[in-house]
Amino acid sequence: MKATGIVRRIDDLGRIVIPKEIRRTLRIRESDPLEIFTDREGEIILKKYSPIGEMSTFARQYAESLAQVSGHTALIADRDQFIAVSGGSKNLLGKGLSRDLEDKINNRETVIASKGDRGFITISADGGEDFVHEAVSPIICEGDVIGAVVLVESDEKSKMGEVEQKLALSAAGFLGRQMEQ
C-alpha cells in the first residue's frame, strides 16, 4: 500500500478527515459514498462506492440493447467512469469521464448536440474519441445523480434528434428505478 506521509487523528465521534489532496486525486466529492473494508492485517480500506457499478452485468446488457435499438454506440457511466459500452468504442470501458460530462451530469442536464454546436461536450477524460453527435441523460436514483446514459455517433450522416434524446431519457429513468429496488 502506498504511504502518503499524512497522519490524522480520530475525533470523539469516530470520524477522520480524508486530506484534500487525497480527495482531489481520487475525485472524492462531498456526499460521495465510501465502502469500508478491513483485511486480516488490521488495515482499514476505503473504496469509492458506485451503486450503478454493482449492476455492471445488467448495465452491459442494457447498453447492448440500447445500441441495437438505436444503431448508435451506447455508454453507461457511473459518476467517474464508463461501466458499460456497446456498439463500438470498447476502448472507453473503464475510462474516466471528462470534466464537462461530469458537470452536465451533476447539474442534471440532458444534452443533445452535434460537433460544432455550443452544447457539444467531450465525453471521456482522455478526449480521444471522434464522435460527432451525442445524447446524454443523467441517471437519478432516490433524488441523487448516480451516473448517465450516453449515446454517441461517429458518422456525420447519422444525426441524433428527439428520438435519441427520449431513448436516453427513458433508459436513464429505467436504470434509476432499477437501482431504487
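This report describes the fold, surface, salt bridges and selected loop residues of one predicted protein model.

## Basis of the model

The model is predicted, so local features need pLDDT of at least 70 and side-chain atom pairs count only at pLDDT 80 or more, while totals for chains, interfaces and linings use all residues. Residues are numbered from 1 along each chain as its sequence is written, and side-chain values use heavy atoms, with hydrogens and water left out.

## Overall fold

The protein contains 4 helices and 7 strands. Helices (H or I, at least four residues) and strands (E, at least two) are DSSP runs, numbered from the N terminus. In sequence order the pattern is α-β-β-α-β-β-α-β-β-β-α. The C-alpha trace spans about 60 × 35 × 25 Å along its principal axes.

The protein has 181 residues, of which 36% count as buried. Buried means under 20% relative accessible area, exposed means over 50%, and partly exposed lies in between (1.4 Å probe, protein chains only). A contact is defined as heavy atoms within 4.5 Å. Among contacts between residues at least 6 apart in sequence, 46% join residues at least 24 apart.

## Surface and charge

Accessible areas come from the Shrake-Rupley method with a 1.4 Å probe; for residues, only the protein chains shown count as cover. There are 25 positive and 30 negative side chains, and the centres of the two sets lie 3 Å apart. In this count Lys and Arg are positive and Asp and Glu are negative, with His and the chain ends not counted. Each charge is placed at NZ of Lys, CZ of Arg, CG of Asp or CD of Glu.

Ile36, Ile44 and Leu46 make a nonpolar surface patch of about 340 Å². Patches are made of residues with over 30% relative accessible area and no salt bridge; like charges are joined within 9 Å, and nonpolar side chains (Val, Leu, Ile, Met, Phe, Trp, Tyr) within 5 Å. Ile36 belongs to strand S1 (residues 34-38) and is exposed, with a relative accessible area of 64%.

## Salt bridges

The whole structure has 6 salt bridges. The criterion is a side-chain nitrogen of Lys or Arg within 4 Å of a carboxyl oxygen of Asp or Glu. One of them joins Asp80 and Arg29, with the closest N and O atoms 3.6 Å apart. This pair links distant parts of the chain, 51 residues apart: Asp80 is in the loop between strand S3 (73-77) and S4, and Arg29 is in the loop between helix H1 (20-26) and S1. Arg29 is partly exposed, at 22% relative accessible area.

Glu102 and Arg99 form another salt bridge, at 3.6 Å from N to O. Both residues lie in helix H3, 3 residues apart, which is about one turn of the helix. Glu102 is buried at 5% relative accessibility, whereas Arg99 is exposed at 55%. Salt bridges that share partners join Arg29, Asp80, Arg99 and Glu102 into one network. Glu109 also forms a salt bridge, with Lys104, and the closest N and O atoms there are 3.1 Å apart. Glu109 is partly exposed, with a relative accessible area of 30%.

## Loop residues

Arg108 sits in the loop between helix H3 (99-106) and S5 and is partly exposed at 42% relative accessibility. Glu142 sits in the loop between S6 and strand S7 (144-153) and is exposed at 61%.

Ser98 is in the loop between strand S4 (82-86) and H3. Ser98 is buried, with a relative accessible area of 7%. Apart from neighbours within four places in sequence, Ser98 is in contact with Thr122, Ile123, Ser124 and Ala125. Lys115 lies in the loop between strand S5 (111-114) and strand S6 (133-141). Not counting residues up to four places away in sequence, Lys115 touches Phe120, Phe131 and Val132. Lys115 and Glu35 are 80 residues apart in sequence, and their C-alpha atoms are 39 Å apart in space.
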